Amino acid sequence: KKYVAEPFKIKMVEPLRMTTKEERIEKIKEANYNLFALRAEDVYIDLLTDSGTGAMSSNQWAGLMLGDESYSGASSFFKLVESAKDVFGYEYIQPVHQGRAAEKVVMPLLLGEGKVAISNMHFDTTRAHVELTGAKAIDNVVAEALDTTTFAPFKGNMDIEKMEKLISEYGSENVGAIIMTVTNNTAGGQPVSMSNMRDVYAIAQKNNIKVVIDAARYAENAYFIKTREEGYQDKSIKEIVREMFSYGDLLTMSSKKDAIVNMGGLIAIKNDEEMYNDVKARTIPFEGFVSYGGLAGRDLEALAIGLQEGIDYDYLNYRIGQMEYIGSRLEEAGISFQSPVGGHAVFVDAKKVLPHIPYYQYPAQALAVELYIEAGIRSCDIGSYMLDNDPVTGEQREAELELTRLAIPRRVYTQAHLDVVCDAIIAIKERADEIRGYEITWQPKVLRHFTSKLRPV
Ligand code: F0G
């Protein structure tokens, strides 16, 4: 597939320090083979996450200068409210400092001891905030999400049949929330179809259950609906976004993704005034007064602009085109990845690239380390290394999939950078049999992938 050329030009550049392979071998050793322990200045192409790493536009930078830093009633707040209402069609808008802050404010209003939340898949922090209320978090994605090789247009969907079973099993009065994550990050940035959102909402309404949309990648999801779902080809991204959010009662959002800001989050409520009052009452002690919600006035201004830029068709066509381009080059080279590519990342199937490395020597981590050594690329393991040991037996658990995630920051890297990434993976495949696995020499009790120390075996 030919790439889609960038729909922007570059006004300001951030120089990158070039390193040699010898330097990188030294740096990754000093980091104990944990990519989180590298200094960013020693990384050439940073694909660790697409969160907060996007490049703001000249309009957003100009907006920073207009930021109104008044404690209460800042004009930037009203600009944000107007912009968010326009994009989502919801009545009440509450800014917060990032996605997990929105979750912290909202989840205890819906959930608690004895309740359950059903989601197409909870993101880690969402799961944590559900569980912190004492509730149980149930992931219920469609089965095709686990099949990496067969094309399905909407692998992020909720399994509707199972959802209905879960509701009757737990009793609708105990299901505090249905959480629709768009796109489905944990399933590899896979989209959710409009018909799935519509059906989920209808069932939720019938059972008197609130639908929360985890809206971090609202625009990428809308692009996939436009390009893959019958009947949406001629609708604008904005019309599609509006319809998507009509199938929810409220949203929580990390604005660090599709709204292209470096920090920010949102809560929005369709029309429930009582819920809005409860949200305000929790925002004030945790995040700050309602008209800034943990953000500077200039952040509100940048977010108001970014929400609109995120739904620009030409931008999205280029953005998703980046993933598809990487996917097509890997496919040509016979390298397996989770197919189709997601909206914000490509997940390389490390089990197939490094078949000689067993799960307990972390093939996806080995590939991530090798990508750094080969070309200064930082990615991360989504596999057995990321899975903590079994809390009961202390045994290493085996992940269903061993994936190395290449998350692409928005508007940051050029076409040439993407080629560097593809060339590096192809070069690694060629010398795959020399690559060794890793063992952990030190690890914390939970979330070990952030801080563990490793060494080659
Ligand atoms: N929901 C989804 C779907 C996310 O992907 C994230 C963050 C959050 C909520 C939490 O938002 O970071 O602003 O507090 N995902 C990042 C990632 C960290 O790398 O995928 P936050």
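In which loop is Asn-208 found? In this predicted model, Asn-208 lies in the loop between helix H7 and strand E6 (211–214).

## Positive phi values

Asn-208 is a residue other than glycine with a positive phi, near 65°. Because Asn-208 has 9 C-beta neighbours inside 10 Å, it counts as exposed.

Tyr-362, found in the loop between helix H13 (350–353) and H14, is not a glycine either, and its phi is positive at about 55°. Tyr-362 is buried, with 30 other C-beta atoms within 10 Å.

## Packing of H14 and H15

Helix H14 (residues 363–375) and helix H15 (residues 415–430) have axes that come within 10 Å and cross at roughly 115°. The two helices are therefore roughly perpendicular to each other. The crossing of H14 past H15 is right-handed.

On the H14 side, the contact involves Leu-367, Glu-370, Leu-371, Glu-374 and Ala-375, which meet Val-420, Ala-424, Ile-425, Ala-427 and Ile-428 in H15. By class, this contact of H14 with H15 has eight nonpolar, no polar and two charged residues.

## Helix H12 and its surroundings

Helix H12 (residues 313–332) has 20 residues and reaches 28 Å from its first C-alpha to its last, close to the expected 28 Å. Its buried residues include Tyr-315, Leu-316, Arg-319 and Ile-320. Among the elements covering the buried residues of H12 are helix H8 (218–228), strand E9 (345–349) and H15.

After H12 comes Gly-334, with a positive phi near 70°. Pro-340 is placed in the loop between H12 and E9, and a cis peptide bond with omega about 0° joins Ser-339 to Pro-340.

## A further cis peptide bond

Val-182 and Thr-183 are joined by a cis peptide bond with omega about -20°. Thr-183 belongs to the loop between strand E5 (175–181) and helix H7 (194–206).

Terms used
Residues numbered from 1 in each chain as written. Predicted model: local features only at pLDDT ≥ 70, side-chain atom pairs only at ≥ 80, totals over all residues. Axes fitted to C-alpha atoms, helices over the stretch in contact; angles between N-to-C directions. Helix = DSSP H or I, 4+ residues; strand = E, 2+ residues; numbered from the N terminus. Parallel < 35°, antiparallel > 145°, perpendicular 65-115°, else oblique. Left-handed = near helix turned anticlockwise from the far one by under 90°. Contact = placed C-beta atoms within 7 Å. Nonpolar A, V, L, I, M, F, W, Y, C, P; charged D, E, K, R; others polar. Expected span 1.5 Å × (residues − 1). Buried ≥ 20, exposed ≤ 12 C-beta atoms within 10 Å, placed from the backbone.
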